[in-house]
Amino acid sequence: MLKTANLNIRIDPQTKQGAEQLYSTFGITVSDAVNIFLRQSLLVGGLPFEMKQPAYNSETEAAMQEARDIINGKKKAKSYSSADELFKELDAEYNKGC
């Protein structure tokens with residue numbers, strides 16, 4: 001006779017709903033998917049996918065570093081006296097790129 005064990009996990013509702021919708025298109029439940037994941041983990045002796053840090057392009061890396069520098073007080077954040085001033089600068093930057 002096959003025995004079962006319960007596994008309780010906490011996950012945010014949006015992720016759960018998204019997973020339920022995704023797996024239902026395959027005709028399986030989230031519980032079925034977790035079982036597949038665990039069995040595959042045992043089969044390969046670890047996580048059944050490669051874990052890596054996300055790779056960002058140089059522009060994104062520079063923007064992230066600039067944000068860190070602003071947070072740490074190494075760089076002053078740019079400010080504008082009005083929304084019009086901000087939009088004029090954004091338009092000028094956009095037009096330079098065209």
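Residues are classed here as nonpolar (Ala, Val, Leu, Ile, Met, Phe, Trp, Tyr, Cys and Pro), charged (Asp, Glu, Lys and Arg) or polar (the others, Gly among them). The model is predicted, and local features need pLDDT of at least 70, side-chain atom pairs count only at pLDDT 80 or more, and totals for chains, interfaces and linings use all residues. Residues are numbered from 1 along each chain as its sequence is written, and side-chain values use heavy atoms, with hydrogens and water left out.

The protein contains 4 helices and 0 strands, with elements in the order α-α-α-α from the N terminus. Helices (H or I, at least four residues) and strands (E, at least two) are DSSP runs, numbered from the N terminus. The radius of gyration is 24 Å, whereas a compact globule of 98 residues would have a value near 13 Å; the radius is taken over C-alpha atoms, and the globule rule is 2.2 Å times the number of residues to the power 0.38. The C-alpha trace spans about 75 × 30 × 30 Å along its principal axes.

Of the 98 residues, 3% count as buried (buried, under 20% relative accessible area; exposed, over 50%; partly exposed, in between; 1.4 Å probe, protein chains only). The accessible surface comes to about 9400 Å², and carbon and sulfur atoms account for 55% of this area. These areas come from the Shrake-Rupley method with a 1.4 Å probe, and for residues only the protein chains shown count as cover.

Pockets were defined on a 1 Å grid over the protein atoms alone, as open sets of points where a 1.4 Å probe fits, with protein on both sides within 12 Å along at least five of seven lines; lining residues have an atom within 4 Å of a point. Grid points are joined across faces, edges and corners, and a volume is the space filled by probe spheres set on the points. The largest pocket holds about 360 Å³ of space. Its lining comprises 13 residues, of which A5, N6, L7, S31 and N35 are the closest to the centre. By class, this lining of the largest pocket consists of 6 nonpolar, 5 polar and 2 charged residues.

The second largest pocket holds about 280 Å³. It is lined by 13 residues, and those closest to its centre are I9, I11, A19, V30 and V34. Helices α1 (13-24) and α2 (30-44) each supply at least two residues of this lining. The lining of the second largest pocket divides into 10 nonpolar residues, 1 polar and 2 charged.

The structure holds 1 aromatic pair. The pair is formed by F37 and F49 and is tilted, with 6.2 Å centre to centre and 35° between the planes. Rings of Phe, Tyr and Trp (its six-membered ring) pair if their centres lie within 6.5 Å, and planes under 30 degrees apart count as stacked, over 60 as edge-to-face and the rest as tilted. F37 is partly exposed at 33% relative accessibility, and F49 is partly exposed at 48%.

Several separations between C-alpha atoms were also computed. G45, in the loop between α2 and α3, is exposed at 69% relative accessibility. G45 and I71 are 26 residues apart in sequence and 41 Å apart in space. K78 is located in the loop between α3 and α4 (83-97) and, at 58% relative accessibility, is exposed. Its C-alpha atom is separated by 48 Å from that of S41, 37 residues apart along the chain. A67 lies in helix α3 and is partly exposed at 35% relative accessibility. Between A67 and A5, 62 residues apart along the chain, the C-alpha separation is 47 Å.
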